[in-house]
Amino acid sequence: MDQINTDQIKTVCVYCGSGPGSNPRFVEAAQALGKAFAENNIRLVYGGGSVGLMGEIAKSTLDHGGLVTGIIPDFLRSREHMLTHVQEMIVTPDMHERKRLMFEHSDAFVALPGGVGTLEELVEQITWQQLGRHTKPVLLANIDGFWEPLFALLAHMRETKFIRPPFEIDILKAEQVEDIVPRLRAAAARAPAGAKEMAPELARKL
């Protein structure tokens, strides 16, 4: 078996809801993932809020001794109750700058359950990956089957030839929180050397 360089994943961006959702397992998963990041010396990069799943994963990471970078646009500081006691908080002028900085600060991306904003941020990373702009791992935390409708839609896109070679996408999937970090590390180890980064000027254009 190839040796996995566990240093390749040092920061992970997590997209997730600013609400708790209807299923207690969503909150439990956010808390467990924050704990896993802290225990594996992985810095959390997230949307900067203190409410919903965003707040749960950030507080859990901090409570277990981990590091957190929050990136929040100025207009959401009060709406999402910006978490003030993280090690690093970056306030951006708009959503575009927020997403660009989240990309630049992260080695991989995880989507916990969430709403339209979570989906939009996730799909943007999948699109950039599909177009060959980065090879950073993208993983869906499929807690209690939350993302199954999206997987069904992607399968439908393949069947109807809108996702086709050479534009296939590589989305990781984890049903259990404990599988997330190992799968990100394994995917990072498989990525071509030097292909993980997108030049900042290119990110700005996208």
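Is Lys-161 buried or exposed? Lys-161 counts as exposed, because its relative accessibility is 57%. This value, like every other one below, is computed from a predicted model.

## Overall layout

The protein chain has 7 helices and 7 strands. Read from the N terminus, the elements follow the order β-α-β-α-β-β-α-β-α-β-α-β-α-α. The chain has 206 residues, and 48% of them count as buried.

## Strands and crossovers

Start with strand β1, residues 11-15. Together, β1, α1 and β2 form a β-α-β unit, and the unit is right-handed.

Strand β2 also pairs with strand β3, residues 68-73. This pairing is parallel too, over 3 bridges. Leu-44 has Val-68 in β3 as its bridge partner. To get from β2 to β3, the chain passes through helix α2, residues 52-63. That β-α-β crossover is right-handed.

Leu-67 sits in the loop between α2 and β3. Its relative accessibility is 39%, so Leu-67 counts as partly exposed. Leu-67 and Ile-42 are 25 residues apart in sequence. In space, their C-alpha atoms are 7.4 Å apart.

## Aromatic pairs

How many aromatic pairs does a search of the whole structure find? The search finds 5. Take Phe-26 and Phe-146. Their ring centres are 5.6 Å apart and their planes meet at 80°, so this pair is edge-to-face. An angle over 60 degrees is what counts as edge-to-face. Phe-26 belongs to helix α1, while Phe-146 is in the loop between β6 and α5, so the pair ties together parts that are 120 residues apart in sequence. Phe-26 is buried, at 9% relative accessibility. Phe-146 is partly exposed, at 29%.

Now take Phe-103 and Trp-128. Their centres lie 5.4 Å apart with the planes at 75°, so this pair is edge-to-face as well. Phe-103 is in helix α3 and Trp-128 is in helix α4, so the pair connects parts 25 residues apart in sequence. Both residues are buried. They also belong to a cluster: ring pairs link Tyr-15, Phe-103, Phe-109 and Trp-128.

Two lysines lie over ring faces. Lys-136 is over the face of Phe-103, at 3.8 Å from the ring centre. Lys-173 is over the face of Phe-151, at 4.5 Å from the ring centre.

## Helix α3

Which residues of α3 are buried? They are Arg-98, Lys-99, Arg-100, Leu-101, Met-102 and Phe-103. At the start of α3, Asp-94 makes a contact through its side chain. One of its side-chain oxygens comes to within 3.2 Å of the backbone nitrogen of His-96.

The structure holds 0 disulfides. A disulfide needs the two sulfur atoms within 2.5 Å. Cys-13 is buried, at 0% relative accessibility. Cys-16 is buried too, with a relative accessible area of 8%.

The peptide bond from Pro-165 to Pro-166 is cis, with omega near 0°. Pro-166 is in the loop between α5 and β7.

Asn-41 is not a glycine, but its phi is positive, at about 55°. Asn-41 is in the loop between α1 and β2. Lys-161, the residue from the opening question, also has a positive phi, near 70°, and is a residue other than glycine. Its place is the loop between α5 and β7.

The table lists the accessibility of some residues discussed above.

| Residue | Relative accessibility | Class |
|---|---|---|
| Asn-41 | 68% | exposed |
| Lys-161 | 57% | exposed |
| Leu-67 | 39% | partly exposed |
| Phe-146 | 29% | partly exposed |
| Phe-26 | 9% | buried |
| Cys-16 | 8% | buried |
| Cys-13 | 0% | buried |

Key. Residues are numbered from 1 along each chain as its sequence is written. Side-chain values use heavy atoms; hydrogens and water are left out. Rings of Phe, Tyr and Trp (its six-membered ring) pair if their centres lie within 6.5 Å; planes under 30 degrees apart count as stacked, over 60 as edge-to-face and the rest as tilted. Helices (H or I, at least four residues) and strands (E, at least two) are DSSP runs, numbered from the N terminus. Buried means under 20% relative accessible area, exposed over 50%, partly exposed in between (1.4 Å probe, protein chains only). A charge sits over a ring if NZ of Lys or CZ of Arg is within 6 Å of the ring centre and within 35 degrees of the ring normal. A polar contact is a pair of N or O atoms within 3.5 Å; within protein, one must be able to donate a hydrogen and the other to accept it, and residues adjacent in sequence count only if both atoms are side-chain atoms. Two strands pair if DSSP finds at least two bridges between them. A crossover is right-handed if, with the strands pointing away from the viewer, the path from the first strand over the helix to the second runs clockwise.
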